[in-house]
Amino acid sequence: MSSLSEVRRVAIEAVVQACRACRSVFNQLVTGETLIKSDRSPVTVADFSAQAVVNRYLATHFPDDAIIGEESAQDLRPDTPVAHTLCNKVLELTNAVLPKPALTRTQLLDTIDWGALSAGRSKRSRRHWTLDPIDGTKGFLRGDQYAVCLALIIDGQVELGVMGCPNLPAGSTATTTTAQDQLAPGFLFIAERGRGAFSRPVESPDASVPIQETPIRVSGNTDLTQAVVCESVEAAHSSHSDAQRIGQLLGIQADPFRMDSQCKYACLARGEADIYLRLPTRADYIEKIWDHATGSLLVEEAGGIVTDIYGKPLDFSVGSFLSRNKGVIASSAQLHPQVLKAVQETLNIE
Ligand SMILES: Nc1ncnc2c1ncn2[C@@H]1O[C@H](COP(=O)(O)O)[C@@H](O)[C@H]1OP(=O)(O)O
Ligand SMILES: [Mg+2]
Ligand SMILES: [Mg+2]
Ligand SMILES: [Mg+2]
């Protein structure tokens, strides 16, 4: 079994290289390189490539570990010109960042599907990874925020989380990203259960200078009138109208800031926002583990609390879905009881 420091090192390297693949795509992305999945959500060559890169690192270093990743290579496998073009593009991107030898087409497809192909392991294993290769694909396509999110789950508990946010500026809650932000290195966040949460640049502007990690903490603000709430850009992912009513009940003055992806958890963890609300828009939507595993550990290790709208901790022990939870409320430990109460009053939860 590898030491935790080795696991941490490999997870960071995998996410850094996946971020590199995403960045190189953004500058060249053309419409034909986006697919709409059966659930109507978009997926790009960058999502496939980032999943291939991370899975390759994990499969090489931890061949016995199971992986639950968001994407599958199903749309790249058909023997059609469209699938071939897409697949070649993913292959080129992936091989540009992975160590040699280069992957073949078949190896690429199997690497993307590594989690599913080795699914038997997740039943036997006490530990597995979960990966969202690009969380916030809509943000990515707009040139705004997105995150590469990797987490290690052992016995149903998230133990390690690494989140790469290539477009995230330093200490700004601006929702749109400037050309300058896209050129900056962005931020990478690391959380280890019981060992704290840290921030560093995704890459060093100067390869000869070692990258420093800085510990991060949630905000110490206890004045709700001054609190900053963050929520999804997409009203379909979190109810903006319920959040507005909750904000009024709490006496919050500022408008919420809207941002795609788990970057919201990172902004909370580094004290830039006070409250993250993810309020259900549909009774039948069940959150997926890869959308919350990394972010929730980051906030907890930075001193915050993460629950669902019932006040229950997120339960990562039941497969790919958070089927025992509904919505998310995250904030500092001081503010959480008041926020939860306002959410429950507004949503008529007994
Ligand atoms: N109805 C929904 N409620 C909550 N989250 C959703 C919903 N539909 C999709 N999502 C997920 O929200 C995530 C983005 O969140 P955010 O709004 O915070 O950027 C995506 O991973 C997306 O999953 P998917 O990739 O399967 O579409
Ligand atoms: Mg998606
Ligand atoms: Mg995704
Ligand atoms: Mg996601």
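In the predicted model, five strands are arranged as an open sheet of mixed pairing, in the order β11-β10-β12-β14-β13. The edges of this sheet are formed by β11 (257–258) and β13 (304–307), each of which pairs on one side only. Strands of a sheet pair through backbone hydrogen bonds, in either a parallel or an antiparallel manner. Strand β10 (residues 229–231) and strand β12 (residues 275–278) run parallel and are joined by two bridges. Within this part of the sheet, Val-229 is placed opposite Ile-275 of β12.

Helix α12 (residues 336–346) lies across β12, β13 and β14 (328–332), and its course relative to β14 is at about 150°.

A further site concerns Asn-55, a residue of helix α2, which spans residues 45–61. Asn-55 is classed as buried because 27 C-beta neighbours are found inside 10 Å, the threshold for this class being 20 or more. When residues up to four places away in sequence are not counted, Asn-55 touches Ile-67, Gly-69, Thr-111, Ile-112, Trp-114 and Gly-115.

Key: Residues numbered from 1 in each chain as written. Chains lettered and ligands numbered in written order. Predicted model: local features only at pLDDT ≥ 70, side-chain atom pairs only at ≥ 80, totals over all residues. Helix = DSSP H or I, 4+ residues; strand = E, 2+ residues; numbered from the N terminus. Buried ≥ 20, exposed ≤ 12 C-beta atoms within 10 Å, placed from the backbone. Contact = placed C-beta atoms within 7 Å. Pairing = 2+ DSSP bridges. Axes fitted to C-alpha atoms, helices over the stretch in contact; angles between N-to-C directions.
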